[in-house]
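Work through the two exercises below with the structure open. Try each task before reading its solution.

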Amino acid sequence: MSGRTLIRRVALGACRDTGGRVRADGDPHDVLVADGRIARVSPSGDDRAGGADTGDRDDAHAIDGTGLIALPGFTDLYGRLREPGPAGRGTLARETRAALAGGFVRVACAPDTHPVIEDVATLELIRRRAAVRPGAEVLPIAALTRGLDGRELAPLATLQADGCVAAGQADRPLEDTGVLLSAMQYAASFELPLFMTPRDARLGAEGCAHDGAIASRLGLPGIPVAAETVALARLLELVRESVVRGRGCRLHVSRLSSARGVALVAEAKEAGLSVTADVGIHHLLFSEAELDGFDARYRSAVPFRSAGDRAALRDGVRSGVIDAICSDHAPHDGDARLAPFPACAPGLAAYDRFLPMLLALPALLDMPVADVLRRVTAAPARVLGLATAGHDGRLAEGATASLILVDPDAAEAPPWLGAGRNTPLENARDLSELTDERAPLRGAVRVAFVGGERRFDTR
Amino acid sequence: MSLPDPQLGPDGTLRHLLDLDRLDATMLTRILDAAEGFTGVNDRSIRKVPLLRGKTVANLFFENSTRTRTAFELAATRLSADILNVDLVTSSTAKGESLLDTLRVLEALQCDLFVVRHGDSGAAHFIARHVGDAIVVVNGGDGRHSHPTQGLLDMFTIRRHKGRFDRLVVVVVGDIRHSRVARSDIAALVTLGVSEVRVVGPRTLLPAEVEALGVVVFDELDRALVDADVVMGLRLQKERMSGATVPSESEFYRTYGLNEERLARAKPDAIVMHPGPTNRGVEIAASVADGPRSVILEQVTWGIAVRMAVMSMIIGDRAATAASARERAESAR
């Protein structure tokens with residue numbers, strides 16, 4: 001599928017109409033993909049791009065882009081791809097294809113695989129399995145500690161040299177503050193960023209829902225906001241300490257959930273610490289209210305908190321305190337949800353319905369479409385240090401051709417690709433079917449190129 | 001918002017009894033009235049009515065319980081049902097069989113009504129959503145969430161003594177946080193329109209944002225008891241009596257124990273309730289538990305009538321719904 005592809009009459013921008021729907025915007029363009037790069041972007045009808053006399057049309061495969069929007073492919077800062085791991089929950093081939101359907105051309109893969117990502121052999125396994133049927137590019141996150149048990153450091157420099165883009169503890173806390181500081185300093189030596197989800201090892205350790213009014217009424221063991229903020233404050237103070245000691249650790253705060261957490265990140269940024277942050281997309285849509293009636297589809301390791309927390313997360317995305325939006329993709333097989341709420345495996349499958357969720361955000365957050373898109377393109381690329389040509393979030397000539405063609409108006413959900421259907425969004429057409437807000441859930445990725453290769457096409 | 005409530009049928013009748021949160025005052029009153037009708041059965045020479053004859057009630061207890069199981073067993077017996085006691089604490093689920101597999105087997109044995117006790121909050125809802133249409137689920141206690149028949153029998157006991165709910169001041173004292181009984185009582189009391197529900201306990205034993213349940217929080221028991229009509233104690237679990245929640249039994253008793261002296265602040269005709277089993281000298285003085293204001297044993301007795309009412313009502317309503325559906329189908333033909 002390499003070679004030359006000419007995408008004709010495609011829009012490069014998008015806007016929001018009065019009904020809240022995202023639509024293609026701007027003059028149609030022709031985009032020529034050749035030799036793995038975006039060779040040319042030019043207004044349709046312009047001879048330079050695809051006109052008959054250039055000869056492009058003769059040897060290039062053509063895609064009619066009418067009604068579609070060409071966007072740089074998204075970058076996910078946190079997805080679980082489930083391989084290596086127990087059968088049934090997902091495979092690299094399957095989940096990376098689902099990622100493409102969600103618009104992601106690269107995925108930072110969570111280290112809590114089985115076994116965890118802590119040695120070169122596991123990385124090699126991931127590379128081989130991912131190559132069987134390539135989908136989104138896989139960027140592994142190394143386990144920060146061996147077995148994620150929080151005691152001994154994993155061989156971070158080796159893992160970095162072998163392709164890991166960051167190190168983290170996934171959903172496992174790191175209780176020993178001494179080990180944490182040491183891990184930060186060690187990672188800083190190699191400028192390896194830490195991806196940490198702040199969660200105290202003990203506070204709310206038995207919890208399965210936000211410790212608020214809903215959990216109190218349902219009798220669900222709670223996870224207090226302080227479980228996030230205590231751990232976050234500790235992380236930020238240790239970053240400060242690492243700066244004092246000569247080399248500051250690059251900290252990325254993964255999957256914020258609370259208003260207070262957003263405030264702590266904002267303070268740290270103002271103080272000039274090298275900190276970035278993201279939020280899982282579901283946390284911009286849902287709150288604790290959705291758990292009512294013990295709806296296990298909303299069981300999440302990072303809990304859905306109050307409506308006020310959700311509003312603060314949205315503010316954080318608008319203001320840029322929260323740099324990026326991640327998927328927090330967590331596919332499960334059907335059995336994982338066939339238990340009472342506290343016994344269900346946590347996490348929501350995100351990829352297959354990521355695009356409709358994302359396209360609902362401009363209306364929900366009252367944000368320009370381009371700014372929302374930046375939170376899944378330029379911003380996460382910058383967090384990963386990929387902010388070189390081709391990763392600046394805009395479709396630009398000369399960039400690596402990792403791009404997607406989006407039909408913003410697609411109402412019918414395309415065939416499901418991921419292993420998990422553990423999401424309340426599977427059949428939802430409007431957010432109002434799930435929450436007290438209204439927003440159409442439409443849109444589908446039609447074509448995805450990764451490094452110039454057309455790996456996904458549902459036209 | 002998104003999941004339908006399995007408890008109520010489309011016609012508003014009770015299909016299962018899972019919690020008291022979403023039952024309105026009319027429904028609660030209807031159950032209490034029905035229970036009145038069953039109090040007489042206990043006094044007859046033959047203590048049985050044939051309402052559930054030919055029906056099988058399965059007691060599915062995933063958590064140890066003698067009192068609740070026995071009460072349900074007796075209630076089902078007096079309704080002439082066949083009883084199947086399944087001890088699941090040491091059974092297949094402990095061997096790794098999933099809860100759902102266990103349910104499927106019991107469903108295949110063609111039981112009509114499951115009484116379920118489970119350690120996870122929400123277990124009764126889960127089971128009600130996953131059994132076939134023919135099965136009735138009655139929650140015998142799920143985690144910290146709900147114990148609706150206990151809540152109903154408490155309401156029944158209050159109504160017997162006070163004759164009404166409006167203008168009552170009810171004090172609930174002790175471990176609210178971990179108590180399914182407290183949640184059921186509070187939900188029913190608020191729905192039935194008492195003038196005030198006061199909750200008292202150390203902050204470690206109150207759930208987050210407890211006021212959202214419709215209660216007023218008191219830190220001091222002495223102040224909470226002033227002009228109380230009903231005082232409800234709760235059992236403090238052994239494992240919470242030391243450590244970070246409560247430092248010791250004796251300190252708990254000193255600060256939140258119900259004793260004669262404190263009760264003097266309540267109204268002269270105040271009643272004292274407790275779901276049992278009591279920890280004497282921890283949450284309640286022996287002299288109070290056995291004293292003239294105590295209705296603790298009455299609660300146990302009324303529990304039989306209330307459970308008879310719940311089981312017969314749901315089975316009866318379902319039969320009536322089915323019969324009218326049949327009639328409609330026939331007249332349409």
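Predicted model: local features only at pLDDT ≥ 70, side-chain atom pairs only at ≥ 80, totals over all residues.

Residues are numbered from 1 along each chain as its sequence is written, while chains are lettered from A and ligands numbered from 1 in the order in which they are written.

**Exercise 1.** Find the strand order of the open sheet in chain B.

Solution. 
- Step 1: Strands are DSSP runs of E with at least two residues, helices runs of H or I with at least four, numbered from the N terminus.
- Step 2: Strands pair if DSSP finds at least two bridges between them. S1 (56–61) and S3 (113–118) of chain B run parallel, joined by 5 bridges. One partner pair is B:Asn59 with B:Val115 in S3(B).
- Step 3: The order of the 4 strands is S2-S1-S3-S4 in chain B, with parallel pairing.
- Step 4: S2 (82–87) and S4 (136–142) of chain B are the edges; each has a single partner strand, so one side of each lacks a neighbour in the sheet.

**Exercise 2.** Describe the side of chain B that touches chain A.

Solution. 
- Step 1: Residues are in contact if their C-beta atoms, placed from the backbone, lie within 7 Å. Chain B supplies 27 residues and chain A 25.
- Step 2: Helices H3 (99–108), H4 (123–130) and H6 (180–191) of chain B each give two or more residues. H4(B) gives the most, with 3 residues.

Notes. Contact = placed C-beta atoms within 7 Å.
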